[in-house]
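Colleague: Could you walk me through this model, one question at a time? Please give me the cut-offs behind your terms as we go.

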Amino acid sequence: MASTLSASSAALTFELVAKCSTTRARASIMTLPHGPVNLPMFMPVATQASLKGLTPEQLENTECRLCLNNTYHLGLKPGQEVLDAVGGAHKLQGWNHNILTDSGGFQMVSLLKLATVTEEGVRFLSPHDGTPMLLTPEHSISLQNSIGSDIMMQLDDVLVTTSPDKVRMREAMERSVRWLDRCIAAHKNPDRQNLFCIIQGGLDLDMRRECCREMVSRDTPGIAIGGLSGGEAKDDFCRVVGTCTQLLPELKPRYVMGIGYPEDLVVSVALGADMFDCVWPTRTARFGNAVTKFGVLNLKREMYATDFGPIEEGCGCPCCRPTDQEGSMGITRAFVHHNAAKETVAAHLLTMHNVWYQLHLMADAREAIIADRFPAFIKEFFGRLYSDGQSYPSWAVDALRGVGVDLIEP
């Protein structure tokens, strides 16, 4: 169902292009300081200002126009002084398109055992020399202002969704709202950098609803749903995403943080989400795994030693496209298999393929939404992954039924 609604803030314009007439899926254009981005979309994660295995030019050639950098890692190295001297992360990494930075809070809680969260901020020990450090909302925003990212994330109090401590979960949710206010006050460049809020509340839907109301009232240019992908059941994940998207403004981008499995992306789009990121597609490439429309292929397996076909038939990435097409590298499964255990080139090639797959899965979903055939797209997608038509994951069946798509019925 086509529509042409739009809304603008100082550094972001959101244009709603089409809505699925059955599900809650949307197709839109988000225009940022470094250019337009088509939604729904997947963001590759270039943690330390580089995507492992790809040059900026190779990343650009996947048609990526928004990637993710990590505030925590860039704040430690090269550090704020170097970022200020070079003129930000775009110049540091030779990337002329958009960047989103997370705030750094999640990494400190997930990667550092000796982290303590107080109202002031997160205290932790430097992984480099063990010295005590403190990340406050103000310092996180200062770092992100130096990075120059097009989208910055607030510092939030992150708690694993499976935590049984309801009192601590409420404290984290309410503190995240207070920290957003401090982030907004500290933000020096609202004319050229967008600050997104992050909805917390664990798996408690009432707490999520309360957080949505508070965060939406702050009127940030975009809104993220955080604290997921932490080991919760997929049914619970879907309930949280579906509950939050129904409460969010129609003319703002909706970002579900840390999501990367193809099934999760497609279901989340059906539930009304627009943006996603995850390290999984690039990390799994380094273990010899190719993400394809028929599932994940481990090209280290001996069966691929004499398979001279492309990584994925019909894929348009430089590795897979036919050799008579411009830019084709003519890579075969046998070549990747030969190199996967001993040479880094296999990881580079699979990273290129996997990133292309994720980006074009979302581009294909977008085209289906615009053509108002997204329910058929969903059925085709799951039909390829589960060719027996019987073993669809129950969480996906239930979530999609909730938005009018029945995977079981023909």
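**Helices, loops and backbone details**

Colleague: Where does I408 lie?

Modeller: This is a predicted model, where local features need pLDDT of at least 70 and side-chain atom pairs count only at pLDDT 80 or more, while totals for chains, interfaces and linings use all residues. Residues are numbered from 1 along each chain as its sequence is written, and side-chain values use heavy atoms, with hydrogens and water left out. Helices (H or I, at least four residues) and strands (E, at least two) are DSSP runs numbered from the N terminus. On that numbering, I408 lies in the segment after α14.

Colleague: Which residues is I408 in contact with, leaving aside its neighbours within four places in sequence?

Modeller: Contact here means heavy atoms within 4.5 Å. I408 has a relative accessible area of 45%, so I408 is partly exposed; the classes are buried under 20%, exposed over 50% and partly exposed in between, with a 1.4 Å probe and protein chains only. Leaving aside its neighbours within four places in sequence, I408 is in contact with Y392, V397 and R401.

Colleague: What covers the buried residues of α14?

Modeller: The buried residues of α14 are W395, A396, V397, A399 and L400. Their cover includes α8 (234–245), α9 and α13.

Colleague: Let's turn to α13, then. How far apart are its end C-alpha atoms?

Modeller: Helix α13 covers residues 374–385, which is 12 residues. The expected span is 1.5 Å times one less than the number of residues. That rule gives 16 Å for α13, and the model agrees, because the end C-alpha atoms are apart by 17 Å.

Colleague: Within what arc do the buried residues of α13 fall?

Modeller: F374, P375, F377, I378, F381, F382 and L385 are the buried residues of α13. They line one face of the helix, because seen down its axis they fall within an arc of 160 degrees. The arc is taken from the directions from the helix axis to the C-beta atoms. Among the elements covering these residues are β16 (289–292), β17 (295–298) and α12 (344–370), and the arc asked for is 160 degrees.

Colleague: At what angle do the axes of α12 and α13 cross?

Modeller: Axes are lines fitted to C-alpha atoms, for helices over the stretch in contact, and angles run from 0 to 180 degrees between N-to-C directions. From α12, Y357, L361, D364, A365, A368 and I369 make the contact, with F374, F377 and F381 from α13. The axes come within 8 Å, and they cross at roughly 145 degrees.

Colleague: How are α6 and α7 oriented to each other?

Modeller: Helix α6 (residues 166–186) and helix α7 (residues 205–217) pack with their axes 10 Å apart, at an angle of about 10 degrees. In α6, residues including M169, M173 and V177 meet a set in α7 that includes M207, C211 and M215. Angles under 35 degrees count as roughly parallel, over 145 as roughly antiparallel, 65 to 115 as roughly perpendicular and the rest as oblique. The two helices, α6 and α7, are therefore roughly parallel.

Colleague: What is the phi of D372?

Modeller: D372 is found in the loop between α12 and α13. The relative accessible area of D372 is 33%, so D372 is partly exposed. Phi of D372 is also a positive value in a residue other than glycine, near 55 degrees.

Colleague: What is the omega of the cis peptide bond from L39 to P40?

Modeller: P40 lies in the loop between β4 (35–39) and β5 (41–43). The bond from L39 to P40 is cis, with omega near 5 degrees.

Colleague: What is omega for the cis bond that joins K77 and P78?

Modeller: P78 is placed in helix α2 (residues 71–86). For the cis peptide bond joining K77 and P78, omega is about 15 degrees.
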